[in-house]
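Trainee: I have a model open and would like to learn how to read its features one at a time. Please show me how.

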Amino acid sequence: MLRLLQLFLWSCLFTCLIPSGVQAVSPISLCTPTGCEADGDKGVLSSDLQPLCFKVGGVSFRLLPVQGGKFRMGAENNDFKANNDEKPVHTVRVSDFYLGETEVTQALWGAVMGENHSYFEGENHPVEQVSWDECMLFLERLSEQTGYNFRLPTETEWEYAARGGQLSHGYSYAGGPEAQTVAWYSASAQFETQSVAQLQPNELGLYDMSGNVAEWCSDWYGYYRRNLPDNPQGAAAGSKRVCRGGSWEQLAISCRVTARHAFYPSFQSPQVGLRLALSATQNQTKRISPRRRIHKTATEGNVQTR
């Protein structure tokens, strides 16, 4: 009974902190990572970029390449499901980048940080109850251990990848027209997070971009503008950071690829986690002075710390 009361209070807080015009998200479920031994890269376009596989503290995880391009970001004016902050539609161009195949798991967070304070326990469940500020520390430590400049995706990168990039079929949810097959949300998640990568991935092979836990982005929250430069970084300043994708506790409508949320950088919730990103250019991906030696097998894209 106490557990249900805690979840109810978190739900109320999560909903109240959503900016004006933004709706709450529904619960969604994720699956286990495919791991470094996975063969075949679902939907990856032919390009010089190959999947990168890392192993830190015995925990393997993959980042998949996202070939850049131009797309129409946001919701159409006649989309009755969309909030005002999802409009107007604006054309944006993004460069190549890498994005985590799954949300960051509790196993990876624990391997890097040496602790895990997620509300729902499970090594292959997404880490949650992590603030944006805590994510910055996690990314710094992970970068030190691997020699790669890990970061959060920008909001533009997140939506482009969730839509399927250049392979997009124009779905409302990441990987399908309906939430049931691609997301853990309020109608399917059984009141808790689920292991990552259990449901159908999107066109790029990315799991759980809709549902399970909402994912922090790097941007300050602000309303959209037209005529943006390439690779926009969001508002110049603000009080809240963007969060995308919806969660296990929210309605399907909040798990759409255009739905937006924002929270204070110190905000923690069992509904909020993160996904890793890397820039594709060599000088932005590889750190100039890594603190640990890196061994990389170019043919397989495997990277391990020693």
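Trainee: Which strand gives the most to the lining of the largest cavity?

Mentor: A cavity is a set of points, on a 1 Å grid over the protein atoms alone, where a 1.4 Å probe fits but cannot get out; lining residues have an atom within 4 Å of a point. Here strand β2, residues 59-66, gives the most to the lining of the largest cavity, with five residues. Helices (H or I, at least four residues) and strands (E, at least two) are DSSP runs, numbered from the N terminus. This is a predicted model, in which local features need pLDDT of at least 70 and side-chain atom pairs count only at pLDDT 80 or more, while totals for chains, interfaces and linings use all residues. Residues are numbered from 1 along each chain as its sequence is written, and side-chain values use heavy atoms, with hydrogens and water left out.

Trainee: How many residues line the largest cavity, and which lie nearest its centre?

Mentor: The lining has 14 residues, and F61, R62, T102, E103 and L108 lie nearest the centre. By type, the lining divides into seven nonpolar, four polar and three charged residues. Ala, Val, Leu, Ile, Met, Phe, Trp, Tyr, Cys and Pro count as nonpolar, Asp, Glu, Lys and Arg as charged, and the others, Gly among them, as polar.

Trainee: What volume does the largest cavity have?

Mentor: A volume is the space filled by probe spheres set on the grid points, which are joined across faces, edges and corners. For the largest cavity the volume is about 120 Å³. The structure holds two cavities of 30 Å³ or more.

Trainee: Next, helices. Why is α2 described as largely enclosed?

Mentor: Start with burial: buried means under 20% relative accessible area, exposed over 50%, and partly exposed in between (1.4 Å probe, protein chains only). Helix α2, residues 106-113, is largely enclosed by the rest of the structure because six of its eight residues are buried. Those buried residues are Q106, A107, L108, W109, V112 and M113. They pack against β1 (52-56), β2 and α3, where contact means heavy atoms within 4.5 Å. Just after α2, G114 takes a positive phi of about 75 degrees.

Trainee: What span does α3 reach?

Mentor: The expected span of a helix is 1.5 Å times one less than its number of residues. Helix α3, residues 132-146, has 15 residues and reaches 21 Å from its first C-alpha to its last, close to the 21 Å expected. An α-helix has 3.6 residues a turn, so residues three or four places apart point the same way. In α3 the buried residues include W132, C135, F138, L139 and L142. Just after α3, G147 has a positive phi of about 85 degrees.

Trainee: Is T154 buried or exposed?

Mentor: T154, in the loop between α3 and α4, is buried, with a relative accessible area of 5%. Not counting residues up to four places away in sequence, T154 touches C217, S218, D219, P232 and Q233.

Trainee: Where does V182 lie?

Mentor: V182 lies in the loop between α4 (155-163) and β6 (214-220). V182 is buried, at 1% relative accessible area. V182 and Q200 are 18 residues apart in sequence but 5.1 Å apart in space, C-alpha to C-alpha. Leaving aside neighbours within four places in sequence, the contacts of V182 include Y173, L199, Q200 and D208.

Trainee: Which backbone angles deserve a look?

Mentor: F191, in the loop between α4 and β6, has a phi near 65 degrees, a positive value in a residue other than glycine. F191 counts as exposed, at 61% relative accessibility. N231 also has a positive phi, about 50 degrees, although N231 is not a glycine; N231 is partly exposed at 29%. A cis peptide bond joins K87 and P88, with omega about 0 degrees, and P88 lies in the loop between β3 (69-73) and β4 (90-94).

Trainee: What pLDDT does the chain average?

Mentor: pLDDT is the predictor's confidence in each residue, from 0 to 100. The chain averages 83, and 76% of the residues score at least 70. Over residues 12-46 the pLDDT is below 50, though this stretch has 151 contacts in the model beyond near neighbours in sequence. Residues 288-306 are also below 50, with 40 such contacts. Where pLDDT is low, the predicted coordinates should not be read in detail.

Key
1 Å grid on protein atoms, 1.4 Å probe; cavity = no way out; pocket = protein on both sides within 12 Å on 5 of 7 lines; lining within 4 Å.
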